[in-house]
Each structure stands twice: as structure tokens, then as C-alpha cells.
Amino acid sequence: MQKQAIFQSKLLPYALVAPQLAIVLIFFYWPALQAVIQSFLLQDAFGLSTSFVWFDNYVELFRDPAYFESILRTFFFSFAIAVSSLSFALLLAVMADKPLRGSTLYRTLLIWPYAVAPPVVGVLWIFMLHPSLGVISRYLRAAGIDWNPLLDGDQAASLIILAAAWKQISYNFLFFLAGLQAIPKSVLEAAAIDGARPMRRFWTVTFPLLSPTIFFLLVVNIVYAFFDTFGIIDTMTRGGPGKSTETLVYKVYSDGLLGGNLGSSAAQSVVLMIMVIVLTGIQFRFVERKVTY
Amino acid sequence: MANVTLRNVRKTYPGGFEAIKGVNVDVGDGQFCVLVGPSGCGKSTLLRMVAGLETVTGGEIDIGGRVVNQVEPADRDIAMVFQNYALYPHMSVYNNMAYGLRNRGMAEAEIKTRVEEAARVLELSPMLERKPRQLSGGQRQRVAMGRAIVRQPKVFLFDEPLSNLDAKLRIAMRVEIRKLQRRLNTTSIYVTHDQLEAMTLADILVVMNGGQVEQVGNPLAIYEKPATTFVASFIGAPPMNLMSTRPEEIRSQLAGSAAADAGILGIRPEDFVITDQTPAGGVALPLTVEAIERVGAETFVYGSREQEEQHVAATPGELPPGEIIVRIPGTEAPAIGARIRVAAVRQKLHLFSGDGRKRLEA
């Protein structure tokens with residue numbers, strides 16, 4: 001068997017890869033390059049003149065306490081979203097792993113939320129928890145809780161975390177279920193005979209054996225919380241009230257498109273780009289090594 | 001130390017499939033019981049029911065005088081060695097063995113003594129800190145054994161523990177298991193599909209087929225007097241030659257009261273001798289040699305019956321005219337295509353009813 005493909009024309013192989021290359025170049029490299037160039041430029045408020053300012057945008061960015069607040073907020077959001085969606089998904093997966101009737105049905109149902117687009121998730125939750133429209137809000141208020149995420153920053157933040165975590169549960173669930181099914185049944189049976197009760201069995205056998213899956217999902221969830229929550233934030237709070245739900249990605253958007261500060265916005269995108277490269281690098285390294293126990 | 005008694009044990013799956021159809025076995029204290037049978041005969045299911053990993057849908061399982069049908073596996077005081085060893089991949093060899101003791105709240109000092117003693121017996125001492133994936137198949141097997149013996153349980157359960165090892169190691173481990181069991185004198189139940197393993201290990205042999213017990217007893221007694229044609233062909237390798245008694249060639253040679261009812265005649269390959277004489281009351285068959293296997297100590301002769309039988313098996317259990325296997329000393333070897341005559345004495349004939357379910361005494 002020949003491994004190398006042989007083409008009659010020298011141009012054909014290039015023609016075959018061209019569409020893919022064009023997409024990557026046009027939709028990724030070109031905008032990324034633009035962002036890097038833009039981050040070294042300063043534009044006046046009316047967009048009439050542009051000057052080259054070297055690293056001024058970056059210096060200003062890192063001197064701005066609001067940027068650090070946004071970084072901290074993003075880390076907190078990521079952590080909260082990752083932990084809550086991972087733990088809840090693991091709970092569901094452990095339950096769904098039991099051989100019960102109709103398991104295919106409820107497994108399918110548990111995976112469905114993943115198909116919902118982030119902005120739709122935002123709208124969905126706002127309908128339930130909007131202070132004046134929300135169904136659940138009425139009960140919360142009836143229960144004596146002063147629920148108003150449009151004014152209360154902490155409540156707004158928890159709302160975002162709730163919606164973002166909910167959407168990610170399906171994805172995590174799928175991986176956890178696969179991870180659980182990959183654990184040999186006889187190992188758990190051996191543990192049962194060895195006198196480990198279900199809870200102890202879970203923490204001493206199942207959980208350690210799932211650790212590669214957990215690590216992989218942790219990275220995926222952090223990346224998700226960093227970047228993919230834009231749609232949810234935009235439909236639910238628009239970064240407000242105040243700046244209490246403005247994450248790094250949302251700040252890029254609001255500073256650049258709403259605030260008109262394209263230079264700073266571009267510099268922020270470059271910083272984000274570096275962050276995502278680091279995260280992806282970590283993920284690849286560990287996913288390829290895979291076994292951590 | 002305990003005896004294990006199965007009283008009319010049954011297992012019916014929710015779909016209605018009956019995997020175990022009423023099994024009665026009594027394993028005495030310190031005895032080594034082997035469940036043997038072809039795959040799908042329910043032997044593993046039965047073992048898992050004793051372990052508590054499968055529910056019992058009928059009858060009673062009694063371990064040491066206590067009915068354990070509703071008792072959790074952890075509380076049955078048993079230890080099990082699995083076919084794939086089922087070691088905890090994230091734990092060291094030491095922790096694999098210590099796990100069951102820690103779960104029972106034993107003091108660390110006592111755990112250390114027991115694990116180190118087991119490791120010494122099983123020659124695992126230098127690898128206590130290794131992870132299972134750093135061990136060879138035979139070493140993993142020994143860790144699985146170690147995990148069972150440190151617990152000092154009432155009963156050992158073995159689920160085809162040697163089937164993942166290569167042939168040489170399998171024989172070595174078989175001897176090890178037997179020696180270990182003799183020394184610890186712990187009641188054991190062992191599942192295998194390998195009749196040689198079954199014969200060599202068992203104090204009591206339980207031959208199973210289709211969810212039922214075909215025969216229970218001492219392995220040699222079973223070998224000498226198989227109760228059914230299934231047992232006759234399953235125990236012993238190469239299997240017993242079974243032939244219909246209907247053809248005149250055989251019917252005329254079988255003179256006696258039992259022979260009149262017998263539908264099937266069985267003769268073990270080693271009970272044949274190549275001879276021109278017909279022993280009194282025995283059976284002689286002319287054969288054409290079809291193939292020969294020389295394995296050194298012995299020679300297997302595959303012959304076809306000379307008298308062409310036109311009669312095709314019509315009723316269930318009736319055997320079509322077939323090949324005959326003869327085992328002779330390794331020094332002899334007839335030529336292929338040669339016509340020989342083999343004979344067996346009266347005492348070596350096994351007679352069964354026509355459906356093969358009943359042994360008849362000649």
C-alpha cells in the first residue's frame with residue numbers, strides 16, 4: 001500500500017486544501033492580525049485620524065483598575081461556572097449510569113440543552129427570573145427575597161453563573177457518562193466485595209478513575225466560561241448593573257463597539273488571544289498524555 | 001471457615017430467561033469446589049450469586065450456617081478473584097491489598113503485617129509500590145490473589161482466574177492456587193471452562209450445562225462413571241467416543257441385560273487397544289486410519305468406522321456414525337489409510353439411555 005497520494009496535476013492538491021485554508025485565513029488569521037495592528041494604533045473619537053502609539057494601549061490597559069476588576073470577575077465567573085456545572089453534571093451522570101428502564105430517553109433529554117444557543121439560554125432564564133416578568137421571581141418575592149438582578153450586581157452575577165452553568169451541564173454530562181462507562185464494572189464489584197459502601201466506593205474508586213475526564217472538562221469549561229458566555233451576558237444583563245457582570249470578552253465588545261475605544265479593545269483581544277492559546281496548550285498537553293493516575 | 005450450601009438456587013432474569021434452574025450443591029468446610037461447564041451454562045452467574053453480585057430469585061444460599069440471599073457482598077465475608085483481576089488501577093500494589101482491610105477499619109500496623117505477609121507468600125515484596133499497569137499478567141494475578149487472602153475470608157471465589165494467562169503460567173498458577181488453598185484451608189468455589197483445570201483442582205466437581213447441574217462428585221469418580229453423555233464428552237480430553245448402539249455391528253457385541261435398553265455406547269480413547277482379538281463381553285471395531293497426531297508421550301489415532309452406516313440419526317440424542325479417537329502409546333503409530341481393529345474390555349464400556357440423560361450399569 002502506498003501511503004502517499006499521487007496526483008496527476010500539481011495544482012490539484014493545492015486546489016483541494018484551498019477552501020479550508022481560505023476560511024482559516026479570512027476568518028481567523030486576518031482578523032487576528034488586524035487586532036494586533038489595531039492594538040498599536042490610537043484613533044480619535046470621530047475616526048478621522050489614526051496615529052501609531054506603540055504599546056501605549058497596553059500600558060494604559062494594565063494601569064486601569066477596572067481592567068483588573070474585570071480579570072478577577074472573569075476568573076471568579078469561570079471558577080463558579082466550572083465548579084457548579086461540573087459537580088451537577090457528575091451527579092446526574094452517576095444517577096444516569098445506573099441501569100434503569102428508559103435510560104436512553106432520559107440520557108437523550110439530559111443532552112438536549114447543549115443544542116440551545118447561548119443567547120437563547122439567556123432569554124430563557126431571563127423569562128423565568130426577570131424581576132417584573134419572571135415566573136420564579138414572583139415566588140422569590142413572595143418568599144420575602146428582594147430579588148432584582150437588574151439593580152443588584154451580586155444577583156445579576158449569580159443569574160449569569162446559573163444560566164451559563166446550566167447550558168454546560170449537558171456537555172459535561174456526556175463526557176462524565178462516557179467516563180463512568182469506561183470504568184470496568186468488575187473493579188467496582190471488587191470494591192463492593194472489599195467492603196466499600198457506595199459513597200466510599202465513589203470517592204475512592206470512581207472519582208480517582210474519572211480524574212482524567214475531570215481535568216479535561218475543567219479546561220474546556222474554563223475556556224467556555226471565558227469566551228462563550230458572551231451571548232448569555234449580552235441577552236441577560238449587558239454587563240450591568242454597573243459593571244458587575246462585565247467579563248473580559250464583554251469588555252472587549254463594550255469598550256470597542258459601544259465605547260468606541262478601538263485601540264484598547266484590540267489590545268484586550270490580543271491579551272485574550274494569548275490566554276486562550278495558553279489554555280489550549282495546557283489542554284493538548286494533558287489530553288494527549290491522558291493517564292494521570 | 002465455613003461450608004457453603006446451595007439449596008434449589010434459581011435465577012430468572014426479568015426478561016423471563018432462566019439462567020439457573022434449581023441447583024443443589026453442598027461444599028464442606030475447607031473444600032475446593034470447581035464449577036465447570038461450557039460458556040453460557042450459568043457457572044459464572046451462580047458464582048456471582050454466591051458473591052452477592054447477582055440477586056437470587058429462588059432457593060437459598062447458605063454460607064457458614066447463615067442464609068445470605070439478602071446480605072450485601074461486603075457482609076458475606078467472602079473474597080473474589082476476577083477473570084480480568086479487577087485491580088484498582090490508580091492504587092499501588094500495597095494499597096490494592098490494603099483497601100479491603102482499611103474499609104473494615106483495621107489498624108494500619110495490622111494491615112502492614114498482613115499485606116507484607118501475603119506479599120512474601122506470593123513473591124510480590126519487591127513490587128509493593130508499583131501500580132498494576134507496571135506489572136505483568138502473572139504478577140497482576142498474584143496481586144488479585146493477595147487482595148483475597150489478606151482479608152482472611154470465610155470463602156474464596158474464583159471466576160476463571162487463569163484464563164488470561166499463557167499456557168505455561170496457567171499451569172504454574174494452578175499448582176500455586178491449589179497449594180495456597182490447602183495451606184489456608186479456606187472453603188473455595190472456582191469457576192472454569194477448562195476441564196483439565198477442573199479435574200486437577202477440585203475436591204468436589206460440579207459439571208453444569210444449560211443452567212442445571214449434570215453431575216456432582218469427586219473428579220475421578222465423575223471421570224470413571226459419568227452420569228450423562230454430556231459429562232462423558234465434556235470431562236476428559238480428547239472426549240469420550242460416543243456411538244449409537246443401534247447398528248447391528250455394535251448391538252450384536254453387547255450381550256447383557258443393560259445393553260438391551262442402552263441407546264448410546266461410550267468408550268474413552270485410552271481404553272481402546274489395537275488388537276485382533278475381541279475380549280469377552282467387550283467391543284471391537286474395525287477402523288480405517290484417517291489421521292494421526294503424535295505428541296510424544298502418546299499418539300492419537302483418528303479413524304472412521306469401516307462398516308458404512310447408511311442409517312442417519314433420526315431421533316434426538318441419537319448419534320450419527322462418526323469418527324473414533326484412539327489413544328495409544330507414543331511409540332506406536334499405524335500408517336494413514338491402514339485398516340486396524342480396536343477393542344475395549346467390558347469394564348471400560350459406558351452405557352447410556354437413548355437420550356443420553358441416564359447412565360446404565362452394564
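## Close-up views of a predicted two-chain model

**Figure 1. Overall make-up of chain A in the predicted model.** Among the contacts in chain A with a separation of 6 or more, 69% are between residues 24 or more positions apart. The model is predicted, and chain A has a mean pLDDT of 82, with 95% of its residues reaching 70 or more. Confidence within chain A is lowest in strand S2(A), residues 50–52, where the mean is 73, and highest in helix H8(A), residues 185–193, where it is 91. The chain holds 12 helices and 2 strands, and its elements, read from the N terminus, follow the order α-β-β-α-α-α-α-α-α-α-α-α-α-α. Along the principal axes, the C-alpha atoms of chain A fill a box of roughly 75 × 75 × 30 Å, and 29% of the 293 residues of the chain count as buried.

**Figure 2. The side of chain A that touches chain B.** Contacts between the chains involve 15 residues of chain A and 17 residues of chain B. On the side of chain A, the elements that give two or more residues are H8(A) and helix H9(A), residues 198–228, and the largest share, 6 residues, comes from H8(A). By residue class, this side of chain A divides into 10 nonpolar, 2 polar and 3 charged residues.

**Figure 3. The nonpolar cores and the surroundings of Met80(B).** The largest nonpolar core has 105 residues, and those with the most contacts inside it are Val34(B), Leu35(B), Val50(B), Met80(B), Leu157(B), Ile189(B) and Val207(B). Once neighbours within four places in sequence are left aside, Met80(B) is in contact with Ala190(A) and Ile193(A) in chain A, and with Ala51(B), Ala148(B), Leu157(B) and Asp159(B) in chain B. Another core, of 35 residues, lies apart from the largest one and has among its members Ile169(A), Leu177(A), Tyr224(A) and Val249(A). As general background, nonpolar side chains in soluble globular proteins tend to be buried together.

**Figure 4. An open antiparallel sheet in chain B.** Four strands of chain B form an open sheet in the order S2-S1-S4-S5, with antiparallel pairing, and its edge strands are S2(B), residues 18–27, and S5(B), each of which pairs on one side only. Strands S1(B) and S2(B) are paired over 7 bridges in the antiparallel sense, and Lys11(B) has Ile20(B) in S2(B) as its bridge partner. Strand S1(B), residues 4–12, also pairs with S4(B), residues 58–63, in the antiparallel sense over 5 bridges; here Val4(B) has its bridge partner, Ile63(B), in S4(B).

**Figure 5. The hairpin of S4(B) and S5(B).** Strand S4(B) pairs with S5(B), residues 66–67, over 2 bridges in the antiparallel sense, and the bridge partner of Asp62(B) in S5(B) is Val67(B). The two strands form a hairpin with 2 residues between them, and Gly64(B), in the turn, has a positive phi of about 55°.

Figure 6. Most residues other than glycine have a negative phi, and most peptide bonds are trans. Asp77(B), in the loop between S5(B) and strand S6(B), residues 78–81, has a positive phi near 55° although this residue is not a glycine. Because 19 other C-beta atoms lie within 10 Å, Asp77(B) is classed as partly exposed. Glu123(B), found in the loop between helix H3(B), residues 108–121, and helix H4(B), residues 137–150, likewise has a positive phi of about 55° without being a glycine. Glu123(B) is exposed, because it has 11 other C-beta atoms within 10 Å. In the loop between helix H8(B), residues 229–234, and strand S11(B), residues 241–244, lies Pro238(B), which is joined to Ala237(B) by a cis peptide bond with an omega of about -5°.

**Figure 7. The setting of Arg294(B).** Arg294(B) lies in strand S14(B), which covers residues 283–294. With residues up to four places away in sequence not counted, Arg294(B) touches Thr299(B), Gly330(B) and Ala333(B). The residue is partly exposed, because 13 other C-beta atoms lie within 10 Å of Arg294(B). Between Arg294(B) and Lys154(B), which are 140 residues apart along the chain, the C-alpha atoms are separated by 46 Å.

How values were computed:
Residues are numbered from 1 along each chain as its sequence is written. Chains are lettered from A and ligands numbered from 1 in the order in which they are written. This is a predicted model: local features need pLDDT of at least 70, side-chain atom pairs count only at pLDDT 80 or more; totals for chains, interfaces and linings use all residues. Two strands pair if DSSP finds at least two bridges between them. A nonpolar core is a set of buried Ala, Val, Leu, Ile, Met, Phe, Trp, Tyr and Cys residues joined through C-beta atoms within 7 Å. A residue is buried if 20 or more other C-beta atoms lie within 10 Å of its own, exposed if 12 or fewer, and partly exposed in between; C-beta atoms are placed from the backbone. Two residues are in contact if their C-beta atoms, placed from the backbone, lie within 7 Å. pLDDT is the predictor's confidence in each residue, from 0 to 100. Ala, Val, Leu, Ile, Met, Phe, Trp, Tyr, Cys and Pro count as nonpolar, Asp, Glu, Lys and Arg as charged, and the others, Gly among them, as polar.
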